[in-house]
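Have the sequence and the 3D view ready, and look up each residue as we get to it.

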Amino acid sequence: MLRSDPGPESHARRVPYFHVAVPSRELELVNDRRTSTLRPRRAAPVREDLLPAPDEDVWGIRQPPSHPPEVNWSPRRDRYRRRRRILKWTALVLVVALLVAGAVFAYGLRYTNQLLDKGRTEVGGLTQAGAGQPFNVLLVGSDSREGLSEAETKRLAVGEAGGRRTDTIIVLHVSPRNRKAAMISIPRDLKVTINGRTAKVNSAFAGGPELMVRTVQQVTGLPIHHYVEINFAAFAKVVDAVGGVRVCNPTNKDWDDRFANLHLPANTCRIASGAGALSYVRARHIDSDFGRIGRQQAFIRALMAKIANKGNLINVPKILSIANIVSGNVTTDQNFSVGTALKVAKRMGSLSSKEVDMRIYPSYPEGISFVEAAPEAPILMKALREDAPVLPPVGLADQKGPTLRGTRLWVLNGSGTPGAARRAKEGLEAYGLNVVKWDNAQSPTGNASYLFYPTKRAKEAQLLGALLGPQVRVVLAPSASTAAVKGVLVLTVGSNFQPVGPPGFVPSTPTTAP
């Protein structure tokens, strides 16, 4: 405590003390009438080098030390400070790690892009995809032995073969808007027209990528934006690079195909190497073309699961390793880049069957050589072309789902124009529907067209309505109507009806009724 110096006035009044240092000069009364108000004179600047030592007394006040004394913090506050330091350093480490990872990933992308340059080729007939728009990739599996050594050819049991063929044709539809992808497998024996001649779709492969693209566009009605071709060597080496893939025989029959070197007992699963996986997807003497497509799709699902579980998509060394393997064994179009591949991977999401909708081009065997397109094939292709968020239930695995093939149908002319029912009949028959009767309607319908259906034919009516489009109104038939009594679909065409048919169909011009 600071007290005033002893003096005459000390007995009458004590001078107030302050908690701050004041100049050493004496205090003077500013107003002798208001003796309680004191003000120090302005002090001269103080040189810090002349200040007394911190532990000396100035005016009786102990000065604080140059460094604050140690404070005993509470355990709770100490933990808080320690956590903040840890968080700060953790954040710094994460930032550095992200920068390094980004640099490595960028290098990986550039290196992978350089590797893909080796397989790029000029492919004509492709359509340019707009930014953010859906795009279609034609994936083709080639039986080319290029890139295989003599030992590898023997290990894979593929033998020697001249020319070029394909057993795998897939259209991959990628939808940025719906954040999904769909894979449509096309049977290799599908009947098509190539340069005016009837042939199987896979025969277009011998004419090069451009003819293959043009033929698939003709069959599906879909624009093709990119082309990717993978041969035996790339397929087998990729499977080996991911450590093998699990394949299964879910049937009650042993699979033994000596031509493809496939031997898999009934109800058995195994981890297949590159050679075993190749045998699994190529075998065609154990079932049909559709059975092979089913195995190919099962293998793709298993490969996706393996990649997702192993985290290979975010493993930069693994990406570079696989890219290095396939660089000389994959052919892509001139515009296909790593960025395109990343867009595909992004839309495939978790690489699960829920994110990738696998379908078969709706078709059925016709004789021993060909496969014919089913009537509902255009319905699925239309949904893909319009980038529908939900695809119709056609082209499902194991040929499940409703079909229009063989559906019994009546076609009636309600337009009053001669030949209208006949033109509609020809187009529907070209699709494979069974038109059992065509005639004039009992009463005209004017411009309107109707499709009446019995309750038990609701699914077929929905498919046919989708095929015919908005020009036809689909209506549940009254219980006493012909459709309900006969159990058939009844199409009544009005004057605005336009016949529909498969690609290349040209309706006739009959001049007689109906």
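Here is a short tour, starting with the whole chain and ending with a few single residues.

## Before we start

This is a predicted model, so to speak plainly about its limits: local features need pLDDT of at least 70, side-chain atom pairs count only at pLDDT 80 or more, and totals for chains, interfaces and linings use all residues. Residues are numbered from 1 along each chain as its sequence is written, and side-chain values use heavy atoms, with hydrogens and water left out.

## The whole chain

The chain has 12 helices and 22 strands. Both are DSSP runs, numbered from the N terminus: helices are H or I with at least four residues, and strands are E with at least two. Of the 514 residues, 38% are buried. Buried here means under 20% relative accessible area, exposed means over 50%, and partly exposed is in between (1.4 Å probe, protein chains only).

Now for contacts, meaning heavy atoms within 4.5 Å. Among contacts in the chain with a separation of 6 or more, 71% are between residues 24 or more positions apart.

## Salt bridges

The structure holds 13 salt bridges. To count as one, a side-chain nitrogen of Lys or Arg has to be within 4 Å of a carboxyl oxygen of Asp or Glu. Take Arg295 and Asp287: their closest N and O atoms are 2.8 Å apart. Is Arg295 buried or exposed? Arg295 is buried, because its relative accessible area is 3%.

Asp357 and Arg359 form another salt bridge, with the closest N and O atoms 2.9 Å apart. Asp357 is partly exposed because its relative accessible area is 28%, while Arg359, at 6%, is buried. Then there is Asp189 with Arg188, where the closest N and O atoms are 3.2 Å apart. Both Asp189 and Arg188 are buried. This pair also belongs to a network of salt bridges that links Asp167, Arg188, Asp189, Lys200, Arg284, Asp289 and Arg292.

## A buried glutamine

Find Gln296 in helix 6 (residues 289-310). Gln296 has a relative accessible area of 6%, so it is buried. What does the side chain of Gln296 reach? It reaches the backbone oxygen of Val281 at 3.3 Å, a polar contact (a pair of N or O atoms within 3.5 Å; within protein, one must be able to donate a hydrogen and the other to accept it, and residues adjacent in sequence count only if both atoms are side-chain atoms). If you skip its neighbours within four places in sequence, Gln296 is in contact with Asp167, Thr168 and Val281.

Most residues other than glycine have a negative phi. Asn195, though not a glycine, has a positive phi of about 55 degrees. Look for Asn195 in the loop between strand 7 (191-194) and strand 8 (197-200). Its relative accessibility is 65%, so Asn195 counts as exposed.

Asn267 also has a positive phi, near 50 degrees. Where is Asn267 found? Asn267 sits in the loop between strand 12 (262-264) and strand 13 (268-272). Asn267 counts as exposed because its relative accessibility is 53%.
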